[in-house]
Amino acid sequence: MADHSPNRGATHSPSQTYGSYLALDDVLGAQHPRSDEHDEMLFIVIHQVYELWFKQLLHELAQLQRKLAAGNTAHALHTLRRILNILKVVVAQIDVLETMTPRQFTSFRARLEASSGFQSAQFRELEAVLGRRDAGAFAHYPEGGAAREKILAAMSRPSLYDSFLRYLAEQGYPIPAEQLARDVRVAAESSPQIHRILLAVYSDDGGPAQVAERLVDLDEGLQEWRYRHVMMVRRTIGDKPGTGGSSGADYLRGTLFQPVFGDLWAVRSAL
């Protein structure tokens, strides 16, 4: 009798284990506190986990753009749901970080020296994928360095919003040709013509309208993370300057209420 087992013909390395597959020796060996303070380990782990989630978000956003390019509404919505759930986890991690009191953080803060979350290259790349187009996103990274090059590369590709407009065009909506052929290296500008098309998308109430609403959810989730982040910083260090040369809470406050998908918010009052 033929063997139709799904594992038939598969080869397995006898040395492959849970730990080796996940490279746990590397992952669990990557925490190097610079003091004997108990809470420094929590600080390191939380920020390393943030970077892992940023990596996954970049991975999922690339998939989302591919699905939008293919006009695959169902799979685009599935990917958006995953992204939104990851954002919820990212926000929830702040609850854990806030168990650390200002005095506990101060006990090892000086050990951070010039390092700062402000320097997260993956988050800057994430902002670029979502549409940020200004030199402030990469100015702090050395010319020719890998981090700077990744951010610049993301700024040279269509943003998620560009992909959404191209998706709408593929769905039969009359997105202007000049919008589809625009220079993606500069920030997208608000367009009354696009507003009228978005109103038609919502009026049709089909798959594209669902994609639009999930993008609004994504924008709202990102703004929620920014708000929770600034409040966490304020309760931890007050109005002190941040490490790494940032202005701390003042800088973070300046990032609030700046929507990623401005057109999708602009049409709300006309729906």
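Biologist: How much of the chain counts as buried?
Modeller: Of its 271 residues, 40% count as buried. Buried means under 20% relative accessible area, exposed means over 50%, and partly exposed lies in between, with a 1.4 Å probe and protein chains only.

Biologist: What kind of model is this?
Modeller: This is a predicted model, where local features need pLDDT of at least 70 and side-chain atom pairs count only at pLDDT 80 or more, while totals for chains, interfaces and linings use all residues. Residues are numbered from 1 along each chain as its sequence is written, and side-chain values use heavy atoms, with hydrogens and water left out.

Biologist: OK. How many helices and strands does the chain have?
Modeller: 13 helices and zero strands. Both are DSSP runs numbered from the N terminus: helices are H or I with at least four residues, strands are E with at least two.

Biologist: What share of the contacts comes from residues 24 or more positions apart?
Modeller: They account for 71% of the contacts with a separation of 6 or more. Contact means heavy atoms within 4.5 Å.

Biologist: Let's do packing. At what angle do α3 and α6 pack?
Modeller: About 25 degrees, with the axes 9 Å apart. Helix α3 covers residues 39-69 and helix α6 covers residues 121-129. The axes are lines fitted to C-alpha atoms, for helices over the stretch in contact, and the angles run from 0 to 180 degrees between N-to-C directions.

Biologist: Are they roughly parallel or roughly antiparallel to each other?
Modeller: Roughly parallel, therefore. Angles under 35 degrees count that way; over 145 is roughly antiparallel, 65 to 115 roughly perpendicular, and the rest oblique.

Biologist: Which residues make that contact?
Modeller: From α3, Glu51, Phe54, Lys55, Leu57, Leu58, Leu61 and Gln65. From α6, Gln122, Phe123, Glu125, Leu126 and Val129. By class, the contact of α3 with α6 has seven nonpolar, two polar and three charged residues. Ala, Val, Leu, Ile, Met, Phe, Trp, Tyr, Cys and Pro count as nonpolar, Asp, Glu, Lys and Arg as charged, and the others, Gly among them, as polar.

Biologist: And α6 with α7, how far apart are the axes?
Modeller: 8 Å, at an angle of about 10 degrees. That makes α6 roughly parallel to α7 too. Ala121, Arg124, Glu125, Ala128 and Val129 of α6 meet Ala147, Lys150, Ile151, Ala154 and Met155 of α7. This contact has seven nonpolar, no polar and three charged residues.

Biologist: New topic. Where does UniProt place "binding site"?
Modeller: The unreviewed entry lists Phe43, Ile44, Val45, Ile46, His47, Arg109 and Thr243. The UniProt annotation also covers His229. UniProt positions are in the numbering used here, feature names are shortened, and annotations may be inferred rather than shown by experiment.

Biologist: Is arginine 109 buried or exposed?
Modeller: Buried, because its relative accessible area is 18%. Arginine 109 lies in helix α5, residues 102-109.

Biologist: Where is histidine 229?
Modeller: Histidine 229 is in helix α11. At 22% relative accessibility, histidine 229 counts as partly exposed.

Biologist: Which helix holds arginine 228?
Modeller: Helix α11, residues 207-237. Arginine 228 is buried, at 19% relative accessible area. Not counting residues up to four places away in sequence, arginine 228 touches Val91, Ile94, Asp95 and Glu98.

Biologist: What is phenylalanine 164 in contact with?
Modeller: Leaving aside neighbours within four places in sequence, phenylalanine 164 contacts Leu68, Leu198, Pro208, Val211, Ala212, Leu215 and Leu264. Phenylalanine 164 sits in helix α8, residues 160-170. It counts as buried, at 0% relative accessibility.

Biologist: How many residues apart along the chain are phenylalanine 164 and proline 208?
Modeller: 44 residues, yet their C-alpha atoms are separated by 9.1 Å.
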